[in-house]
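Take a look at the model below. We begin with a helix and then turn to the ligand.

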Amino acid sequence: MIISKAPTLTADQLAEVEAIVGEFGCKIQVIYGAHRNIYAIIGDERSETMVNRLLGLDYIDRVDRMESIYKLMDIRSDLAHHRIRIGGVELGKEPLFIAGHCTIDPRNPAAFLETAAAVKEAGAHVLRGGVWKPRTSPHSYQGSAKTMETLIEARARTGLPVVTEVMDEAQLTLALEAGVDMLQVGTRNALNYTLLSDIGRRTASSGVPVLLKRGRHMGPVDEFISAAEYIVAHGNPNVIFCPRGTMPELDGYRNHPDESITPLLKEKSWAPVVVDPSHSVGRAKYVPACALAAIAYGADGLVVECHVNPISGIGDDPKQAVTPDVLKKLIRDARALWSLRRG
Ligand code: PEP
Ligand code: MN
């Protein structure tokens, strides 16, 4: 829909607009108002070039698209009936709980194995463990491929599927060779379209679920959904949105908690939402409240950093991992709230 700066277009301007949209197989339908006209674009109006050419005309104020720029992630797409399963859970039917270390410490694999058993006992369905870590400082621990063995060993011992973050193609290759059950794209790579496309392509046949974190500098909700579209458009429909807080941070929190984005995502897209309260608030003591708020807002699950002895952990674990006891209560409370929400 085209809104002109003046109440109506002149005959020459209308002819110019019609010529542009005509190049893209569209037509203009004029809607005559009492004070101003509206110029509806009839046809497939998703072409970015067409919209940008119209916006380049100095007599045009706005061009609003009726159709979303994402075709596959749209709630109206045929994929709206698609269901994602992991850890014995069909997303949407019962809450999914993912828990484990932020980072697997290569000097203390036993702690991870202990945490793995404890999160299973607490009721988690999927075990998380950071093998490679995106760190703000190049001088901080960056992760190590060696810890992949520990992750796989923990899976063998507990029977829990495992999720880890990949940041480039080499890590993606190693993770897929190791047979990880779920891939995580972190907040820093949420807009790395090359990586998102590679992941979609390389998991097209296996359908390994992808937990896509929300970019901490992302703009409107459409930007998040469009990032997911990259994975799906390259062949893997098993994408899960993961709000994890955005910038600027709120007072003492690590980020600005964004679990409230869930109803908006659900209105526009069909993909499940699994919220990460740990990175949102960044302190273990605030995690349960944020986790329950996420469930209240309609989340399909939670991903929580958990450690048997947080203070001895590395990466984010000392400050934001909850203990297995706290996780157990959190899962119990989240299930109760879920039932309440379902009414
Ligand atoms: C993590 O999950 O440990 C992590 C680094 O997440 P994010 O990308 O959300 O910061
Ligand atoms: Mn972390």
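Start at helix α4, which spans residues 148–158. This is a predicted model. Both R157 and E153 belong to this helix. They are 4 residues apart, or about one turn of the helix. The two side chains form a salt bridge. Their closest N and O atoms are 2.7 Å apart. That passes the test, because a salt bridge requires a side-chain nitrogen of Lys or Arg within 4 Å of a carboxyl oxygen of Asp or Glu. Across the whole structure, the search finds 23 salt bridges.

Now move to ligand 1.

Next, look at individual contacts. R128 places a polar side-chain atom 2.8 Å from an oxygen atom of ligand 1. K133 also has a polar side-chain atom 2.8 Å from an oxygen atom of the ligand. E305 contributes as well: an N or O atom in its side chain is 3.2 Å from an oxygen atom of ligand 1. How much of the accessible area of ligand 1 does the protein cover? On its own, ligand 1 has 290 Å² of accessible area, and the protein covers 98% of that.

How values were computed
Residues are numbered from 1 along each chain as its sequence is written. Chains are lettered from A and ligands numbered from 1 in the order in which they are written. This is a predicted model: local features need pLDDT of at least 70, side-chain atom pairs count only at pLDDT 80 or more; totals for chains, interfaces and linings use all residues. Side-chain values use heavy atoms; hydrogens and water are left out. A polar contact is a pair of N or O atoms within 3.5 Å; within protein, one must be able to donate a hydrogen and the other to accept it, and residues adjacent in sequence count only if both atoms are side-chain atoms. Accessible areas come from the Shrake-Rupley method with a 1.4 Å probe; for residues, only the protein chains shown count as cover. Helices (H or I, at least four residues) and strands (E, at least two) are DSSP runs, numbered from the N terminus.
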